[in-house]
There are 2 protein chains.
Amino acid sequence: MSIAESIRMATGDSPGGRLALARLLSQIEDDDPRGLEALNDLFPYTGRAHLVGVTGAPGTGKSSLVNRLVYHYRHPPTGEAPRSVAVVAVDPSSPFTGGAILGDRVRMRDLAGDPGVFIRSMAARGSLGGLARATASVTQVFDAAGFEVIFIETVGAGQAEVDIAQLAHTTIVVEAPGLGDEVQAIKAGILEIADILVVNKADRPGVENTVRALKGMLELGAPQPRTFRHHGALLESLLETKPEVPGTWTTPILRTVATEGDGVPELLEAIVRHRAHLETTGEWQRRDRARLQAELEALVAQRLFEGWRRRVAPAYYREILDRLARRAISPHQAAEAVLVGSGEAA
Amino acid sequence: MSIAESIRMATGDSPGGRLALARLLSQIEDDDPRGLEALNDLFPYTGRAHLVGVTGAPGTGKSSLVNRLVYHYRHPPTGEAPRSVAVVAVDPSSPFTGGAILGDRVRMRDLAGDPGVFIRSMAARGSLGGLARATASVTQVFDAAGFEVIFIETVGAGQAEVDIAQLAHTTIVVEAPGLGDEVQAIKAGILEIADILVVNKADRPGVENTVRALKGMLELGAPQPRTFRHHGALLESLLETKPEVPGTWTTPILRTVATEGDGVPELLEAIVRHRAHLETTGEWQRRDRARLQAELEALVAQRLFEGWRRRVAPAYYREILDRLARRAISPHQAAEAVLVGSGEAA
């Protein structure tokens with residue numbers, strides 16, 4: 001049986017499938033060539049899962065919220081079928097530890113042993129571009145394995161986290177009452193990528209102020225075409241992205257108390273409604289294509305750089321670096337020199 | 001008078017110098033070719049300023065702390081000379097607004113009109129790589145203009161912000177009491193880049209717990225060589241970075257109340273002491289070189305990608321994207337195809 005076949009059994013109750021899945025995810029994270037090969041084999045089976053990004057500032061309770069959502073997908077109201085769910089928890093704020101610290105995962109007792117759930121924590125290892133690439137690949141593996149909903153949870157509040165969240169079809173931005181002025185400033189930027197806004201910890205004082213502030217900001221902000229930036233975010237896009245088809249989607253502001261489960265069914269309903277909106281407007285395909293283009297261009301940039309790295313003579317490069325450190329040449333002049341020196345077109 | 005000569009008058013009380021400086025910074029942010037030319041001219045005059053990165057989670061009061069530090073540099077104890085100070089405030093959390101939202105700046109009345117202070121807020125515009133490049137360039141302009149201390153303040157808590165903070169010789173990580181469990185997890189990663197730890201808002205409840213937690217984490221973490229990642233963080237470094245010379249630096253944990261100014265003189269003293277440590281151990285030169293190498297490699301990657309973009313035929317690229325979106329080929333296969341199709345070495 002091929003890896004691809006094994007993986008595609010992973011959502012069933014085949015322990016072999018889960019084991020193959022876990023092994024493949026590790027290979028991908030380790031840049032093992034077998035992982036890359038399997039990704040090529042699996043790619044034709046992707047494109048069906050609903051990718052849901054969950055992002056927001058630290059302390060908003062995102063992980064608890066995702067855990068609750070997963071539970072609801074697994075235990076739907078009578079008459080509805082449970083959905084298989086994967087979670088990719090990205091922790092780019094821990095660049096050195098090499099392992100994700102997500103105590104919340106341990107508390108997911110209700111989900112332990114459920115073959116319809118798979119949770120993967122990813123730690124940043126050295127480069128954001130690498131993390132974004134690995135996250136895209138892991139998401140594709142879950143998609144090909146047949147998981148119907150994939151949460152991509154980013155711990156953090158910076159632009160890189162926003163970029164990773166934009167891998168998703170549906171982006172949920174989580175806020176909480178009373179996180180101070182600085183957080184207000186952040187919201188202004190992050191609001192514009194939100195398909196659904198959640199004020200979690202809605203049992204805390206100040207929730208009305210937070211909801212009112214978010215409403216005000218939503219009304220203030222003119223509707224803008226949603227743009228995609230790149231994994232690693234180094235590059236401008238080659239082709240323009242078509243502006244979003246004017247649809248009927250109005251970003252809802254929902255209140256939840258994740259620790260109690262309050263408001264979680266309503267949030268799940270909004271996620272399902274957003275998917276239907278994407279499908280009827282053609283936005284599903286557009287976001288899918290933009291995501292793939294971003295991934296492609298990040299791979300191209302990586303391969304171009306690696307090619308250059310193989311061609312440049314280390315002794316020559318070291319000499320250029322010495323001259324740069326002595327301020328004999330500027331960084332731009334040094335770049336010119338090492339590109340010409342390795343035979344690149346200027 | 002050349003641009004370079006004008007700029008180098010900017011720290012004096014020449015209004016013309018300040019005007020030339022402001023104009024050059026705008027040219028750099030706008031990718032104006034004149035900005036690039038001036039950067040090449042100015043680069044030989046860089047390398048003297050003390051670059052101090054200030055980073056931490058939202059809500060910790062970083063901006064207020066930087067404002068206080070600037071004030072102390074300008075108003076030193078009797079007998080000491082005031083230092084000229086520039087601040088580069090990076091706001092990558094606002095990718096869409098195009099303008100930085102930093103209310104705190106408005107409150108800096110004490111510093112308004114002081115020719116020895118220059119503050120520049122930078123907003124993210126489209127790509128983190130672009131922001132990191134512009135920040136590096138702006139820092140170089142301030143350095144060449146003769147500013148003795150340059151603060152690089154990053155609003156955010158993600159890895160990209162950490163990368164930008166690592167432009168600095170000295171990195172200050174700011175924490176505050178009671179920001180919750182999720183922040184604790186973040187600290188684990190960010191602690192290892194801190195040369196100085198500050199618990200701001202030290203008049204709040206929970207400060208003892210925060211200090212104790214930080215101490216515990218510092219003791220737990222084995223000393224590791226400090227590594228540099230790249231602007232845009234897409235790439236692995238070509239040359240290994242030498243491990244840090246084992247010195248005598250022990251990361252201090254300081255308490256401040258920025259709004260009252262408490263603890264700020266002690267923080268300033270630690271910054272000065274860290275600079276002396278860097279100089280006596282040779283670490284100053286090592287960090288300078290690592291920073292320049294990172295900048296050079298980001299420029300190389302950018303130019304390689306732009307070169308490819310000029311060479312690839314749009315119709316061919318569009319066809320490959322269509323096949324990718326149909327899942328007829330994988331992202332890696334698509335990258336291979338567009339690189340071969342534009343005549344790149346495979």
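In chain B, the loop between strand S6 (196-199) and helix H9 (207-220) holds B:Lys201. Helices and strands here are DSSP runs, helices being H or I with at least four residues and strands E with at least two, numbered from the N terminus. B:Lys201 is not a glycine, yet its phi is positive, at about 55°. B:Lys201 counts as buried because it has 24 C-beta neighbours inside 10 Å. A residue is buried if 20 or more other C-beta atoms lie within 10 Å of its own, exposed if 12 or fewer, and partly exposed in between, with C-beta atoms placed from the backbone.

This is a predicted model, in which local features need pLDDT of at least 70 and side-chain atom pairs count only at pLDDT 80 or more, while totals for chains, interfaces and linings use all residues. Residues are numbered from 1 along each chain as its sequence is written, and chains are lettered from A and ligands numbered from 1 in the order in which they are written.

In chain A, A:Lys201 lies in the loop between strand S6 (196-199) and helix H9 (207-220). The phi of A:Lys201 is near 55°, a positive value in a residue other than glycine. A:Lys201 is buried, with 25 other C-beta atoms within 10 Å.

Chain A as a whole contains 13 helices and seven strands. Of its 346 residues, 50% are buried. Among contacts in chain A with a separation of 6 or more, 76% join residues 24 or more positions apart; a contact means that the C-beta atoms of two residues, placed from the backbone, lie within 7 Å.

The largest nonpolar core has 157 residues, and A:Ile150, B:Val141 and B:Ile150 have the most contacts inside it. Such a core is a set of buried Ala, Val, Leu, Ile, Met, Phe, Trp, Tyr and Cys residues joined through C-beta atoms within 7 Å. In soluble globular proteins, nonpolar side chains tend to be buried together. Beyond its neighbours within four places in sequence, A:Ile150 has contacts that include A:Ala49, A:Leu51, A:Val88 and A:Phe142.

How many residues of strand S4 (residues 149-154) of chain B are buried? Six of the six are, so S4(B) is largely enclosed by the rest of the structure. On one side B:Val149, B:Phe151 and B:Glu153 are buried, and on the other B:Ile150, B:Ile152 and B:Thr154. Strand S1 (residues 50-56) of chain B pairs with S4(B) in the parallel sense over five bridges; pairing requires that DSSP finds at least two bridges between two strands. B:Gly53 has B:Ile152 in S4(B) as its bridge partner.

Helix H11 (residues 283-311) of chain A packs against two helices of chain B, as the table shows. Axes are lines fitted to C-alpha atoms, for helices over the stretch in contact, and angles run from 0 to 180 degrees between N-to-C directions.

| Helix pair | Angle | Axis distance |
|---|---|---|
| H11(A) and H13(B) (residues 331-341) | about 60° | 9 Å apart |
| H11(A) and H12(B) (residues 314-325) | roughly 115° | within 10 Å |

In H11(A), residues including A:Leu292, A:Leu296 and A:Arg303 take part in the meeting with H13(B), where the residues include B:Pro331, B:Ala335 and B:Leu339. The contact between H11(A) and H12(B) is made by A:Asp288, A:Arg289, A:Leu292, A:Gln293 and A:Leu296 on one helix and B:Leu321, B:Leu324 and B:Ala325 on the other.
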